[in-house]
Amino acid sequence: MISYGSIMNEDDYLSISGLSHLIFCERRFALVHIEQIWVDNQYTAEGSILHERVHSNSAESRRNVRYAFGLSLISRRLGLIGKADTVEFRRTDNSKNISGNNVAIQLSGVQGLWQPLIVEYKSGSPKIGDSNIVQLCAQAICLEEMLNVNIDQGAIFYGKIRKRLNVEFDENLRKKTEHYAERLHTVFRFGKTVPPLKNDKRCKKCSLYPLCMPDVLKDNIEDYLYRSLSKD
Ligand code: SF4
């Protein structure tokens, strides 16, 4: 995996949120992040309201947990930036995990060791596929880099089922996340919007459906590809 930070300006870092668009549909990612088009539907509007509500909280502390909301994130290795909905710092006695990696940090002005755990809020229910967990893992990789600590797991709170589910950041998920981060930069650098999905059920839930026009464009994919290739 390329360390993107070593080859690009920070202005070229891409948003972590782009990962979930990309995994859902590469055309959606291109429409939002290359063409800067956005349309809300019920699902995206509910998600935005929930995120705004979480980010507007101020820092909170309890005896054994401290909360940071809307924390800015960056990974020079993956060339990504973003925000964590919530980072919980939990008091711990262990500075290392069973593999001997650092898992805890010191917080300024507070005694003891604190283990970070990222919590992402989603208004819907758990999705089939990798988009939510890859997004969370990318946030964790950013925070690991920023704090020089190992983060073994995070959590996603799903509003529709009102449950918080844990996510393990194992090797497999980390590799997938690196793969998608690399793909994100490749598609962005390509700079062209790819053709729509063909008769795909994802389109019915996609807020960009009216602008993307997958039903109109689907018959012309071969023409589109031919035209794109001829330009190069
Ligand atoms: S409408 Fe379908 S093809 Fe178009 S961006 Fe959405 S998911 Fe992708």
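Residues are numbered from 1 along each chain as its sequence is written, and side-chain values use heavy atoms, with hydrogens and water left out. Because the model is predicted, local features need pLDDT of at least 70 and side-chain atom pairs count only at pLDDT 80 or more, while totals for chains, interfaces and linings use all residues. Helices (H or I, at least four residues) and strands (E, at least two) are DSSP runs, numbered from the N terminus.

**Strands**

Two strands count as paired if DSSP finds at least two bridges between them. Strand β2 (residues 60-61) runs antiparallel to strand β3 (residues 65-75), and two bridges join them. Glu60 has Tyr67 in β3 as its bridge partner. The hairpin from β2 to β3 passes through three residues. On β3 the pairing continues with strand β4 (residues 80-92), also antiparallel, through ten bridges. Here Ser72 stands opposite Lys83 in β4. Four residues lie between β3 and β4 in their hairpin, and Gly79 in that turn has a positive phi of about 65°.

**Buried helix and core**

Buried means under 20% relative accessible area, exposed means over 50%, and partly exposed is in between (1.4 Å probe, protein chains only). Helix α2 (residues 26-34) has seven of its nine residues buried, so it is largely enclosed by the rest of the structure. Among the buried residues are Arg27, Arg28 and His33, along with Phe29 and Leu31.

A nonpolar core is a set of buried Ala, Val, Leu, Ile, Met, Phe, Trp, Tyr and Cys residues joined through side-chain atoms within 4.5 Å. The largest one has 37 residues, of which Ile16, Leu19, Leu80, Phe89, Phe169 and Leu184 touch the most other members. Elements that give two or more residues to this core include α1 (17-24), β5 (113-122), α4 (131-147) and α5 (171-190). Helix α4 supplies the largest share, eight residues. Leu19 is in contact (heavy atoms within 4.5 Å) with Leu80, Val134, Ala138, Tyr180, Ala181 and Leu184, not counting residues up to four places away in sequence.

**Salt bridges**

A salt bridge is a side-chain nitrogen of Lys or Arg within 4 Å of a carboxyl oxygen of Asp or Glu. The structure holds nine of them.

| Pair | N to O distance |
|---|---|
| Arg183 and Glu26 | 2.8 Å |
| Arg77 and Glu178 | 2.8 Å |
| Lys176 and Asp130 | 3.4 Å |

Arg183 lies in helix α5 and Glu26 in helix α2, so their pair ties together parts 157 residues apart in sequence. Arg183 is partly exposed at 35% relative accessible area, and Glu26 is partly exposed at 23%. Arg77, in the loop between β3 and β4, and Glu178, in α5, are 101 residues apart in sequence. Lys176 in α5 and Asp130 in the loop between β5 and α4 are 46 residues apart. Lys176 is partly exposed at 29%, whereas Asp130 is buried at 19%. Salt bridges with shared partners also join Glu88, Arg90 and Arg164 into one network.

**Positive phi angles**

Most residues other than glycine have a negative phi. Arg162 has a positive phi near 50°; this residue is in the loop between β6 (153-158) and β7 (163-168) and is exposed at 63% relative accessibility. Met213 has a positive phi of about 55°, sits between α7 (209-212) and α8 (214-217), and is partly exposed at 39%. Just after α2, Gln36 takes a positive phi of about 55°.
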